[in-house]
Amino acid sequence: MELIKPGTTIDFVGKRFSAMAFSGVLILASLATLAWRGGPNYGVDFSGGTVMHVRFAAPPAIGDVRGALASVEFGDVTIQDFGSPGEFLVRLPLSGVETGAASKPVADALAAKFGAGQVEVLRVESVGPRVGKDLRQKAILAVVASTIMMGIYLWLRFQLRFGIGAAVALIHDVTITVGALALLNYEFDLTIVAALLTVVGFSVNDTVIVSDRIRENMRKSRRESLASIVNSSINETLSRTILTTGTAVLVILALFFLGGSVIHGFAYALLVGFLVGTYSSIFVASPVVLAFETGARGRSSKR
């Protein structure tokens, strides 16, 4: 299936400086959002504590729920809507042996306020602070290691400049995705880490397709400039890129709208990451490869 007619010559390389400015704005906005939020909104997986998912027979105002728990001495209790009417997440920043025993006083306080049988505890999850810190460190290490390994893979398969281009694109994608999660204050938990690792895999797959075509065209057209080869390679793979990303995005949208509140954060991270990853394979990874060529030419001319 050809969405893009053969012979199409869109000048992607000529737009690389505008793309660099656009990417710079997105990255700065992501970092500013993270600073504004005070870092990622770590879920119970990474921060430790107890999370209770409760459902009310008659949906109350969130202020009433907060008022019912005001007398419970558990420190900074956080209450948030869970998407469906009458469903809330209650987060308790407890530690040690208290985490497992926290749910009963909360359930009792809610029952006393709203009446017995009006509140149902759907699930309770508890993680100790040490386990949460350990999981957080391992999650960060997993994302960083996967990015480095993907860069090394492309270096070994193609050339060093392709590996560096892919690594820069992956850092770009992960940073913007994390910033987008912070913007909507999604919880950063193990499912989000799984989404980020999926984004890394998807992005590098798209970068490999473009890099492979660039290498093929470099062999066929040794007299053409690298800029021209990069442009023609991106145009030749554009139809495949649109089809692959388009079908993936349709599936993710179905997950987001039909999958329920539990996987909203996961689907949102995939949606942002896949779109940014497709953009970066065209406007970030390939221009980095071209920048290496331009830099090498400049150094040789000075000699």
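What radius of gyration does the protein chain have, and what would a compact globule of 303 residues have? The chain has 24 Å, whereas the globule would have a value near 19 Å. The model is a predicted one.

**The whole chain**

Start with the entire chain in view. Along the principal axes, its C-alpha atoms fill a box of roughly 80 × 40 × 30 Å. Colour by secondary structure to find ten helices and six strands. Of the 303 residues, 43% count as buried. Among contacts with a separation of 6 or more, 79% join residues 24 or more positions apart.

**Helices H7 and H8**

Select residues 160-183, which form helix H7, and residues 190-220, which form helix H8. Their axes are 9 Å apart, and the two helices pack at an angle of about 150°. The crossing of H7 past H8 is right-handed. To see the contact, show side chains on both helices. On H7 the residues involved are Arg161, Phe162, Ala166, Leu170, Asp173, Val174, Thr177, Val178 and Leu181. H8 contributes Ile192, Leu196, Val199, Val200, Ser203, Val204, Thr207, Ser211, Ile214 and Met218. Sorted by class, this contact has 13 nonpolar, four polar and two charged residues.

**The largest nonpolar core**

Next select Leu181, Phe188, Ile214, Tyr268 and Phe274. These are the residues with the most contacts inside the largest nonpolar core, which has 56 residues. Helices H1 (16-37), H6 (129-157), H7, H8, H9 (226-258) and H10 (264-302) are the elements that each give two or more residues to this core. H10 supplies its largest share, 15 residues. In soluble globular proteins, nonpolar side chains tend to be buried together.

Now centre on phenylalanine 188. Which residues does it touch, leaving aside neighbours within four places in sequence? Phenylalanine 188 is in contact with Pro40, Asn41, Tyr42, Gly43 and Phe46, and also with Val178, Leu181, Val193 and Leu196.

**Leucine 34**

Move to leucine 34, in helix H1. Is leucine 34 buried or exposed? Leucine 34 counts as buried because its relative accessibility is 16%, under the 20% limit. Beyond neighbours within four places in sequence, leucine 34 is in contact with Gly39, Pro40, Val178 and Ala182. For a distance to check in the viewer, take leucine 34 and proline 85: they are 51 residues apart in sequence, and their C-alpha atoms are 29 Å apart in space.

**Asparagine 217**

Return to helix H8 and select asparagine 217. Its relative accessible area is 9%, so asparagine 217 is buried. Setting aside neighbours within four places in sequence, asparagine 217 is in contact with Ile229, Ser232, Ser233 and Glu236.

**Glycine 63**

The last stop is glycine 63, in helix H3, residues 62-68. Glycine 63 counts as partly exposed because its relative accessibility is 42%, between the 20% and 50% limits. Glycine 63 and isoleucine 79 are 16 residues apart in sequence, with 9.3 Å between their C-alpha atoms.

Technical notes
Residues are numbered from 1 along each chain as its sequence is written. This is a predicted model: local features need pLDDT of at least 70, side-chain atom pairs count only at pLDDT 80 or more; totals for chains, interfaces and linings use all residues. Side-chain values use heavy atoms; hydrogens and water are left out. Axes are lines fitted to C-alpha atoms, for helices over the stretch in contact, and angles run from 0 to 180 degrees between N-to-C directions. Helices (H or I, at least four residues) and strands (E, at least two) are DSSP runs, numbered from the N terminus. A crossing is left-handed if the near helix is turned anticlockwise from the far one by less than a right angle, and right-handed if clockwise. Contact means heavy atoms within 4.5 Å. Ala, Val, Leu, Ile, Met, Phe, Trp, Tyr, Cys and Pro count as nonpolar, Asp, Glu, Lys and Arg as charged, and the others, Gly among them, as polar. A nonpolar core is a set of buried Ala, Val, Leu, Ile, Met, Phe, Trp, Tyr and Cys residues joined through side-chain atoms within 4.5 Å. Buried means under 20% relative accessible area, exposed over 50%, partly exposed in between (1.4 Å probe, protein chains only). The radius of gyration is taken over C-alpha atoms; the globule rule is 2.2 Å times the number of residues to the power 0.38.
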